[in-house]
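Please keep the structure open beside the text.

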Amino acid sequence: EPSVKRGTIGVYQDTYDSYIKKPLGKKKLKDLRPEQIQNLFNTLKTNGYSRSTIELVSVVLSGMYKQAYKNQLIRSNPVPHTTLPKMEEPAERRVLTPKEQEIFLSTAQNYHYGYVYELALSTGMRSGEIRGLEWNDIDFQNRIIHVRGTLVQNRYGFYKDLPKTSSSYRDIPMLDNVYELLKAHRKNQIEQKLSLGSHWEPVEKLDNLVVTTDTGRPLGKTYLNNGIKTIIKRIEQSGQEFAYISFHGLRHSFATRCIENGMEPQVLKAILGHSKLSLTMDLYAHVLPDAKSKEMKKISCLFPVKDIS
């Protein structure tokens, strides 16, 4: 516990309880053989679990065995003698086109938490970072959002945790629409709080959140995921096709707009809070076709068309 984030402990504990405890929990560490762990990985794949889930199970088991070896409880670690199942390549990340973004935001205005989606598409912030924002993180005078933590929810409830990495601590300049959006939301929240009186019931130590439920409680990520489905359903009811996009896809959409409009990779890295430039550069491989065509035309002068008639 002293060496990792509180949220990481929760993820590891949940992973153990969900995927490891039942098949392996009653066995002694020294008695587990590589093929038994391999069978667990293979079973998880057969049951349709994702690559990331199986990798996490491997990380937890490996960590357990490394610590047991340090404590001289076992002589060897069986996990390195296993192989993670080969998985299908993940689908290319979905991002909104400029036209889709316009349609999505226009429809989201009529949804209760529509301001959250506009905030995501205008800042590139992660879901937990937005839901963990406190009003003292909002510098209206200098028009800056200070990202200083992330909201975590587990079996014990909600709490504010440290950012994902040290580079996740960052300041994001507010666009004009974000400034006006947060000003209006602040006013509405104060009015709601005054009207509810004692029925405004924030969680202890989380009583200054920007994004809350109608009664002042922290907002779970399920609300926002379900909200996206509701917004898309309304778009489709208007006769337009619209493929599903995850909340994290809004972050990628923000990054894509920045790339399309010529933002420097190092600047984008800082705004997104990436720990490595390679993570940011990877986004350039997913720029939409129109932007790729535009960039390719920049070198067309190097290859004049020859008259072959």
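Cys-301 counts as exposed, because its relative accessibility is 63% and exposed means over 50% relative accessible area, with buried under 20% and partly exposed in between (1.4 Å probe, protein chains only). Cys-258, in contrast, is buried. The structure holds zero disulfides, a disulfide being a pair of cysteine sulfur atoms within 2.5 Å.

| Residue | Relative accessible area | Class |
|---|---|---|
| Cys-258 | 9% | buried |
| Thr-213 | 13% | buried |
| Cys-301 | 63% | exposed |

A word on the basis: this is a predicted model, in which local features need pLDDT of at least 70 and side-chain atom pairs count only at pLDDT 80 or more, while totals for chains, interfaces and linings use all residues. Residues are numbered from 1 along each chain as its sequence is written, and side-chain values use heavy atoms, leaving out hydrogens and water. The chain averages a pLDDT of 90, and 95% of the residues score at least 70; pLDDT is the predictor's confidence in each residue, from 0 to 100.

Now to helix α8 (221-237). Helices are DSSP runs of H or I with at least four residues, strands are E runs of at least two, and both are numbered from the N terminus. The 17 residues of α8 should span 24 Å at 1.5 Å a residue, and the end C-alpha atoms are 25 Å apart, which agrees; the expected span is 1.5 Å times one less than the number of residues.

Which residues of α8 are buried? They are Leu-224, Gly-227, Ile-228, Ile-231, Ile-232 and Ile-235. Seen down the axis of α8, they fall within an arc of 135 degrees, so they line one face of the helix; the arc is taken from the directions from the helix axis to the C-beta atoms. The face turned away from this buried side carries the exposed Lys-233 and Gln-237. The buried residues pack against α4 (98-108), α5 (114-123), α6 (127-131) and α9 (247-260).

The largest nonpolar core has 46 residues, and Phe-104, Tyr-117 and Phe-247 are among those with the most contacts inside it. A nonpolar core is a set of buried Ala, Val, Leu, Ile, Met, Phe, Trp, Tyr and Cys residues joined through side-chain atoms within 4.5 Å. Helix α8 is one of the elements that each supply at least two residues of this core. A second, separate core of 16 residues includes Ile-20, Leu-32, Ile-54 and Ile-74.

Terms used
Contact means heavy atoms within 4.5 Å.
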